[in-house]
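This briefing covers one protein chain, shown below. The points after it are grouped by topic.

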Amino acid sequence: MRHRVSTRKARIAGMLHDLARLYSAERLTTESQARGFTISAAEREHPTLLHARLGAALARERFGIEDPEVLSAIEKHTTGADEMSPLDCVVYLADSLEPHRTFAERSELWELALRDLRAATRETMRLAAVHHARKRAHLEVSASS
Ligand SMILES: [Fe+2]
């Protein structure tokens, strides 16, 4: 146990977090609508975002996971959230900072995560927001030229 997080719960969330990751955009949307999810404008534009919430639903339906902490960690693993438990942070950071990620700050953030889970989560979410804003601006410039 590190950061007062159950390794058992982290392992279960880690194994199941991407259950819907390889679904097509159409399937993500259809299956989310079938479960009555409210779909945001961002999710409509980028249906891949739905794989986190849908993954939590599939973990419950197919694997009988009822633990709200595990389901929350699966739901929040892609974008994070305003309110995050230590388990949410661990799964979010493990996903965002896994060794195959190539961005420059990855290993520094990994080291920070070992010392300060909250600070690492905040900084990783901040960098993700900057990255997405730059990507959006680049697309807008490309579209207008
Ligand atoms: Fe994912």
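This is a predicted model: local features need pLDDT of at least 70, side-chain atom pairs count only at pLDDT 80 or more; totals for chains, interfaces and linings use all residues.

- In soluble globular proteins, nonpolar side chains tend to be buried together.
- Leaving out residues up to four places away in sequence, Val 90 touches His 3, Val 5, Ala 10 and Leu 117.

**Overall fold**

- The protein chain contains 8 helices and 0 strands.
- Read from the N terminus, its elements run α-α-α-α-α-α-α-α.
- The chain is as compact as a globular protein of its length, because its radius of gyration is 16 Å, close to the 15 Å that the globule rule gives for 145 residues.
- Along the principal axes, the C-alpha atoms fill a box of roughly 55 × 40 × 25 Å.
- Of the 145 residues in the protein chain, 32% are buried.
- When contacts between residues at least 6 apart in sequence are considered, 52% of them join residues at least 24 apart.

- Helix H4 (residues 50–63) has 14 residues, which at 1.5 Å a residue should span 20 Å; the end C-alpha atoms are 19 Å apart, in agreement.
- Its buried residues are Leu 50, His 51, Ala 52, Arg 53, Leu 54, Gly 55, Ala 56 and Ala 59.
- These buried residues of H4 pack against H1, helix H2 (25–34), helix H3 (41–45) and helix H5 (68–75).
- Two packed helices are described by the angle between their axes and the distance between the axes.
- For H4 and H5, the packing angle is about 150 degrees and the axes are 7 Å apart.
- Angles over 145 degrees count as roughly antiparallel, and H4 and H5 are therefore roughly antiparallel to each other.
- On the H4 side, the contact is made by Ala 52, Arg 53, Gly 55, Ala 56, Ala 59 and Arg 60; on the H5 side, by Leu 71, Ile 74 and Glu 75.

**Helix H8**

- H8 has 28 residues and reaches 41 Å from its first C-alpha to its last, close to the 40 Å expected at 1.5 Å a residue.
- The buried residues of H8 are Leu 117, Ala 120, Thr 121 and Thr 124, and they pack against H6 and H7.
- Leu 117 of H8 is buried and is touched by Val 90.

**Lys 9 in helix H1**

- Lys 9 lies in helix H1 (residues 7–16).
- Lys 9 counts as partly exposed because 18 C-beta neighbours lie inside 10 Å, whereas a buried residue needs 20 or more.
- Not counting residues up to four places away in sequence, Lys 9 touches Asp 67, Glu 69, Val 70 and Leu 87.
- Between Lys 9 and His 77, the C-alpha to C-alpha distance is 14 Å, and the sequence separation is 68 residues.

Technical notes: Residues are numbered from 1 along each chain as its sequence is written. Helices (H or I, at least four residues) and strands (E, at least two) are DSSP runs, numbered from the N terminus. A residue is buried if 20 or more other C-beta atoms lie within 10 Å of its own, exposed if 12 or fewer, and partly exposed in between; C-beta atoms are placed from the backbone. Two residues are in contact if their C-beta atoms, placed from the backbone, lie within 7 Å. The expected span of a helix is 1.5 Å times one less than its number of residues. The radius of gyration is taken over C-alpha atoms; the globule rule is 2.2 Å times the number of residues to the power 0.38. Axes are lines fitted to C-alpha atoms, for helices over the stretch in contact, and angles run from 0 to 180 degrees between N-to-C directions. Angles under 35 degrees count as roughly parallel, over 145 as roughly antiparallel, 65 to 115 as roughly perpendicular and the rest as oblique.
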